[in-house]
Amino acid sequence: YVGMVGEVLEYDPPRRLVHTHKFTQHDDPVAKVIYELKPEGDSVRFTLTVEGLTPGTKTSKQMVMGGPMITKTLKAIVETGRPTLG
């Protein structure tokens with residue numbers, strides 16, 4: 001069973017990752033997901049952008065719910081080298 005498919009469009013570690021995203025169980029359009037890290041003084045700004053996401057679709061609802069978990073997991077990997085257990 002495959003729940004999501006996508007294609008890497010850009011990969012510029014550690015600054016930028018862009019990929020397409022489509023849940024296989026929904027008939028919604030493909031979205032583009034962009035992760036960016038930008039140094040700002042002694043810290044780093046993380047931005048997660050989704051383009052082409054149709055508001056109100058099942059994909060939109062699932063991605064809004066999953067965004068905080070993805071952000072938390074990526075933050076843990078960057079800071080500790082390991083994902084969170086939750």
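## Surroundings of Glu36

Leaving aside residues up to four places away in sequence, Glu36 touches Arg15, Arg16, Arg45, Phe46 and Thr47, where contact means heavy atoms within 4.5 Å. The side chains of Glu36 and Arg16 are joined by a polar contact of 2.6 Å. A polar contact is a pair of N or O atoms within 3.5 Å; within protein, one must be able to donate a hydrogen and the other to accept it, and residues adjacent in sequence count only if both atoms are side-chain atoms.

## Basis and confidence

This is a predicted model, in which local features need pLDDT of at least 70 and side-chain atom pairs count only at pLDDT 80 or more, while totals for chains, interfaces and linings use all residues. Residues are numbered from 1 along each chain as its sequence is written, and side-chain values use heavy atoms, with hydrogens and water left out.

The average pLDDT (the predictor's confidence in each residue, from 0 to 100) is 92 for the protein, and 99% of the residues score at least 70. Confidence is highest in strand β2 (residues 8-12), at a mean of 97, and lowest in helix α1 (residues 58-80), at 88. Helices (H or I, at least four residues) and strands (E, at least two) are DSSP runs, numbered from the N terminus.

## Strand β4 and its partners

Glu36 lies in strand β4 (residues 31-40). Strands pair if DSSP finds at least two bridges between them. Strand β3 (residues 16-23) runs antiparallel to β4, with six bridges; His21 has Ala31 in β4 as its bridge partner.

Strand β5 (residues 43-51) is also antiparallel to β4, joined by nine bridges. Lys38 has Arg45 in β5 as its bridge partner. The hairpin of β4 and β5 has two residues between the strands, and Gly41 there takes a positive phi near 65°.
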